[in-house]
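Thanks for making time this morning.

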Amino acid sequence: MFRYHKKSKEVLLHAPIIGKSVRLEEVPDQMFAKKLLGDGLAFVYEGDTIYAPCDGTVIMIADTKHALGIKAVNQAEIMIHIGLDTVNLLGEGFEVLVASNDRIKQGQPLVKLDREALNKQRVQLITMMIVTSRDTSLNIMQLGDVCLSDSVISLK
């Protein structure tokens with residue numbers, strides 16, 4: 001009579017920028033390229049804002065503002081790490097627009113970059129989106145040119 005549908009645990013991660021997605025193996029930092037923190041994608045872009053890849057909760061913001069963690073609605077944990085060696089900037093050039101424990105929606109602005117200040121520091125702003133929860137399987141869905149509405153990773 002009534003059919004109950006099991007809730008899907010799949011979550012789609014959207015591009016957090018407008019630009020290009022590349023495999024982690026292409027990142028010129030072995031910690032990311034060898035996937036020591038987890039699997040995911042990296043992004044090359046010219047914009048100045050990092051957006052939420054999915055609905056969820058902010059679970060971590062680095063004191064140096066260069067990285068943040070998100071718990072998706074299926075409990076998968078995602079880290080967005082902005083740039084290489086940006087921890088050394090001690091927060092200069094980053095404006096975090098959310099706080100820990102904030103509920104966020106896909107597409108919501110998370111971090112604003114001061115591109116001019118960061119370019120003066122000559123940092124590489126390739127940005128990694130890494131699934132850090134080891135019990136989550138992921139499928140890379142799209143490489144190359146991406147926009148905020150593009151689903152780039154499927155999580156289960």
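Let me start with a term: on a 1 Å grid over the protein atoms alone, a pocket is an open set of points where a 1.4 Å probe fits, with protein on both sides within 12 Å along at least five of seven lines, and its lining residues have an atom within 4 Å of a point. This is a predicted model, in which local features need pLDDT of at least 70 and side-chain atom pairs count only at pLDDT 80 or more, while totals for chains, interfaces and linings use all residues. Residues are numbered from 1 along each chain as its sequence is written, and side-chain values use heavy atoms, with hydrogens and water left out.

The largest pocket is lined by D55, G56, T57, K71, A72, V73, Q75, R103, I104 and K105, and about 160 Å³ of space lies in it, a volume being the space filled by probe spheres set on the points. By class, its lining holds three nonpolar, three polar and four charged residues.

On confidence, pLDDT, the predictor's score for each residue from 0 to 100, averages 93 over the protein chain, but it stays under 50 over residues 1–7. Where pLDDT is low, the predicted coordinates should not be read in detail.

Key. Ala, Val, Leu, Ile, Met, Phe, Trp, Tyr, Cys and Pro count as nonpolar, Asp, Glu, Lys and Arg as charged, and the others, Gly among them, as polar. Contact means heavy atoms within 4.5 Å.
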